[in-house]
Amino acid sequence: MKKDLLFLLVMVLTLGFTACGGDDDKTAPEQIAGTYNGDLAFTTQEGPQTTENDVVLEVKSDTTVGMTLKNFNFPPIVGDLQINKIDVVTTVTGFTLSGQGIVMVDLTGSGTANVPATVTIGSGSTVVGKLLTLAISVSIPTGQDTPPLVIGGIGFIGTKK
């Protein structure tokens, strides 16, 4: 009887100290979602430019985030730059980001976005701790018989608010 009581007590204590997994587990997108404030750097005909901007990352699935770059002012692209699906991969030091989306651009200078352009979040785009680094390029179609205009070298570095 004492052995049975001791066994029951050991079982109750063992089950009582067993942690339930999953309550605090977050997916990679959940860990990096938020607003990042920092500097957007690019080069125009006038030379290197830097502007302060916010980038918002929001959870889209267990493996992807959506991104909005607020008030992107890099003619011919003006306004918020949005990508709905960016893949998030966990690394030893943080997370890598990659994806593409479409943004409408104004090629006529009329103030109306009328041409779809491809936006790419490419190699070197990472989140490490609270630091977001983005390498952005934009490919704008210029006509049927001419290659697209590719604007590369757009970078963002910011910290999570």
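This is a short walk through one protein model, from its overall make-up down to a few single residues.

Okay, ground rules. What you see is a predicted model, where local features need pLDDT of at least 70, side-chain atom pairs count only at pLDDT 80 or more, and totals for chains, interfaces and linings use all residues. Residues are numbered from 1 along each chain as its sequence is written, and side-chain values use heavy atoms, with hydrogens and water left out.

So, the overview. We have two helices and nine strands, and from the N terminus the order is α-α-β-β-β-β-β-β-β-β-β. Those elements are DSSP runs, numbered from the N terminus: H or I of at least four residues for helices, E of at least two for strands. The protein has 161 residues, and 30% of them count as buried; buried is under 20% relative accessible area, exposed is over 50%, and partly exposed is in between, with a 1.4 Å probe and protein chains only. The accessible surface is about 10000 Å², with 57% of that belonging to carbon and sulfur atoms. That's Shrake-Rupley with a 1.4 Å probe, and for residues only the protein chains shown count as cover. If you take contacts between residues at least 6 apart in sequence, 41% join residues at least 24 apart. Contact here is heavy atoms within 4.5 Å.

E1, residues 34-44, and E2, residues 47-59, pair antiparallel over eleven bridges; pairing takes at least two DSSP bridges between two strands. They form a hairpin with two residues between them, and Thr35 stands opposite Val56 in E2. E2 then goes through a hairpin of four residues into E3. E2 and E3, residues 64-74, are antiparallel with five bridges, and Val59 has Val65 as its bridge partner.

While we're on E3, look at Thr68, which sits in that strand. Is Thr68 buried or exposed? Buried, because its relative accessibility is 10%. Its side chain makes a 3.4 Å polar contact with that of Gln82. By polar contact I mean a pair of N or O atoms within 3.5 Å; within protein, one must be able to donate a hydrogen and the other to accept it, and residues adjacent in sequence count only if both atoms are side-chain atoms.

Next, E5, residues 95-105. Which residues are on its covered face? Phe95, Leu97, Gly99, Gly101, Val103 and Val105, while the uncovered face has Thr96, Ser98, Gln100, Ile102 and Met104. E5 is joined to E6, residues 115-121, by seven bridges, antiparallel, with Met104 partnered by Pro116. E5 also pairs antiparallel with E7, residues 126-128, over two bridges, and there Phe95 has Val127 as its partner.

In E6 we find Ala117, which is buried because its relative accessible area is 0%. Among the residues Ala117 touches, beyond four places away in sequence, are Gly101, Val103, Val138 and Ile140.

Last stop, the core. Nonpolar side chains tend to be buried together in soluble globular proteins. The largest nonpolar core here has 34 residues, and those with the most contacts inside it are Ile32, Met67, Leu97, Leu132, Leu134 and Ile154. A core is a set of buried Ala, Val, Leu, Ile, Met, Phe, Trp, Tyr and Cys residues joined through side-chain atoms within 4.5 Å. Take Leu134: beyond four places away in sequence, its contacts include Val55, Met67, Leu97, Ile121 and Ile154.
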